[in-house]
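Please examine the sequence and the structure shown below. A short report follows.

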2 protein chains.
Amino acid sequence: MATEAWVTFETRMREIEDLSATLGLLGWDEQTYCSPKGRAPRAQHSATLAALTHERIVDPAYGDAIETLANDGAGLSEAQRAMVRLAKHDRDRSVKLPAPLVRELREQASRANAAWEEARKADDFSIWQPELERMLALKVRQAEALADGGDLYDALLDAFEPGMTVEQLDPLLEGLRADLVPFVQKVLGAPKPDTSFLKGPYDKARQEQLTLRLLRDFGFDFAAGRQDISTHPFCGGAGPRDVRMTTRYYESLEPGALLSSMHECGHGLYEQGMPDTYARTTVAHAPSLGLHESQSRFWENIIGRSHRFWEHYLPVARELFPEHLARVELDDFVRGVNAVEAGAIRVDADEVTYNLHILARYEIERELLAGKLGAADLPEAWNQRYIAYLGYTPKSDLEGVMQDIHWSWGELGYFPTYTLGNLYAAALAERMGQDLDLDELAGRGDFAPILAWLRERIHSQGSIREGDDLMREVTGRPLGHEAFMSYLTAKYGELYGL
Amino acid sequence: MATEAWVTFETRMREIEDLSATLGLLGWDEQTYCSPKGRAPRAQHSATLAALTHERIVDPAYGDAIETLANDGAGLSEAQRAMVRLAKHDRDRSVKLPAPLVRELREQASRANAAWEEARKADDFSIWQPELERMLALKVRQAEALADGGDLYDALLDAFEPGMTVEQLDPLLEGLRADLVPFVQKVLGAPKPDTSFLKGPYDKARQEQLTLRLLRDFGFDFAAGRQDISTHPFCGGAGPRDVRMTTRYYESLEPGALLSSMHECGHGLYEQGMPDTYARTTVAHAPSLGLHESQSRFWENIIGRSHRFWEHYLPVARELFPEHLARVELDDFVRGVNAVEAGAIRVDADEVTYNLHILARYEIERELLAGKLGAADLPEAWNQRYIAYLGYTPKSDLEGVMQDIHWSWGELGYFPTYTLGNLYAAALAERMGQDLDLDELAGRGDFAPILAWLRERIHSQGSIREGDDLMREVTGRPLGHEAFMSYLTAKYGELYGL
């Protein structure tokens, strides 16, 4: 009977959500306050919790309740049906994976990650290669188990961007590449703006003041979250009412805490926008990583690197850092924080070249899963693409294939969500422009209407619908790369006088 | 077969230990960095984890493995036998409690705690009384379920001080009271030392410097733990390699962070002294709260309030706070931090009067469980004892029966462990004096030999033996109050010129 099934389902779903929030807190703590000697035991605590969570997910009683409700959703609200759909999606994936494979993947992730760290220290790809090879073999086995004869890449992508397939992705990224590569060439051909004033050394305590001021102005609720420091900035924590963002302070303003804090704040605002009514349910999450990334890129780039934004905030920054900024003109500052460069490192890339870094990775991942490339071929395949897309030859594998942590952790299919985030962000901004004067609002530091717009249409929807469906509804059209390219063309055309 | 039973037992014990360490981290975070709006969901996460832990503990397969190993420990090491004994102790208690009662206790704890907070705000005992009454009724039911016809107080005490009984405790505390009450009268009759220089305002950043210096000198390993800030100082965290201590900074040096940090450090040093070989086992804990408290009281009082200690550290403190301490003489400083006062508040009490606060609570708890007192009688029963023992009449219930949080949480049987801690600490110091010149070492700020002594005899033993047995072995005699009274008599005789 459906009512009984609902009670069983809801109880277990909430339990699993609690465990997952707890894992979120353990992960945050590991990167922020965990003692060095506490790292190894922490890995054990997390592994135990992850195993327990998996055990609860694959439990047949949970599965029976899900199937009952999935087959007969009469009497369930739209949100409740979505909860069932999302739980079923996760559980179906979990039960397809044999427990020994899950354990092997987790263990190999630790080994590959350790080898990656060592290889980076020695700048020696051969240390990483055999462990990466083993990880890739496991990923093929995992994808085969999940794919049911379908596309292997789809099976992995589905973990990060449910509903998205290579059939949709390929033409989208192909179109983007066709327009982006020549545009990048054009921008890189123009004279370089001055960025020397961004180098500092900028006082770290004042950088913190500046970032906290920005987060507050954006609308981040510090009664429902905080900002701490970690080596690699991220946004995580124990759920929508306890969001943990991190940043890191360098001597330079950019690359540094400034843009990075605004980026994580975009994620944080999304999380805080989940309604209380969805608390402890599968719906209280973004529908996809791409949609999550759209929020971080929106606040970081479309707002945080805009001319009008700095019209308002450069005076604030000047007061904090007169020694570096007193004599920097607004136009020069904006050109500086938007400087485009053919660089090697994805996380330092500007918004014009960024997606070329992703395209390279996506193409390589496809070939890895298709068996056309092995681990040994990676440095060469990597460098070729950087030369072709950016005209840049990595100086070593440190600057090349060894820069990202994702593959060590077995996260294949993750990278495209970064580009989807950029495309979604531009599409949202374009649609938002019909209702709000973004430039005018940013120029006044008045973000409340912008946040309210996003809250209503995106944040408060949780994952009632799949990301792509939700975006189609909000923007009124299927996802393309056009909004992103017109945004780039207009902005950089003006900045670079093209 | 015992080997199979051991594998089952060990796997599950480690899992339960991991869950319990995770609960420790959640608890620490709740008091330090958790967002205000994250408190309610955090309570849910903790409740889910606690319920899961309970489920794993009472699982029959775990019980079978424990019984098999408890009945035939052949081939097990001493430590392994202790692991089984401790797991059995915990599990036997858990299975005796019906699940609905466990849930009622947890829910009533939340309610009683909320009522206590409200009652404190309004200084109105009647707000707390009905919820406390219900909690006391539940505690009687819990004690009856645990006691198997034995003493109800023993059944509750056993959760905090395994092996200890009222039969041992009554004569011990009776003897202490007989000697302590007249001694307190004598000290209170002497002229009061000046404590005005402790009031400050002391700069908080420098107080932090001072406490960190002391913790480092004591031997606390900051690669295996840290000190943060919380309203109520405590020592917790995620296990012996990730110890989380907290302190709080007031404008005054004392009461304030100074002694409180040394106190929590005593707990922290004990935790860090657990050997790696006991990690993730039931043995990697103190055998009792009393023994744990002995370590905090040792470092706080016997070391941290001693004359020779300040001979070394007053110059350090003077450099940090010349405006307050430049003209304070060593003797006056030591008299100030050891000032004895007939006060109302336990947590602010000096080491002479402290145990009278505990005796009052112990006697009241005994009468509550025996049905001789009800919640309504508490304010009167409380105040009577404060008048009798300390000659002090609480000005209101805020200063009286509403000062402690313990009873709201259902922690009856907890208070005596504080006094046991003081008695254990004095007994340890007396025995340590046969091997080391404590005064001389404290006077040089050289704590390594002291810590090594404690590490070898107490910390590294985990809970291989029960607390009282271990202490008997280390000190060579049963626990009495004599060492504590001679410590007090000698120290305060000199300080107060009695």
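## Overall form

What radius of gyration does chain A have, with 498 residues? Chain A has 23 Å, which agrees with the value near 23 Å for a compact globule; the radius is taken over C-alpha atoms, and the globule rule is 2.2 Å times the number of residues to the power 0.38. The C-alpha atoms of chain A fill a box of roughly 70 × 50 × 50 Å along the principal axes.

This is a predicted model, in which local features need pLDDT of at least 70, side-chain atom pairs count only at pLDDT 80 or more, and totals for chains, interfaces and linings use all residues. Residues are numbered from 1 along each chain as its sequence is written, chains are lettered from A and ligands numbered from 1 in the order in which they are written, and side-chain values use heavy atoms, leaving out hydrogens and water.

In chain A, 57% of the 498 residues count as buried (under 20% relative accessible area; exposed is over 50%, partly exposed in between, with a 1.4 Å probe and protein chains only).

In chain B, 16 of the 16 residues of α10 are buried.

## Loop details

A cis peptide bond, with omega about 0°, joins E254(B) and P255(B). P255(B) is placed in the loop between β3 (243-247) and α10 of chain B.

R280(B), in the loop between α10 and α11 (289-303) of chain B, has a positive phi of about 60° although it is not a glycine. R280(B) is partly exposed, at 23% relative accessibility. Helices (H or I, at least four residues) and strands (E, at least two) are DSSP runs, numbered from the N terminus.
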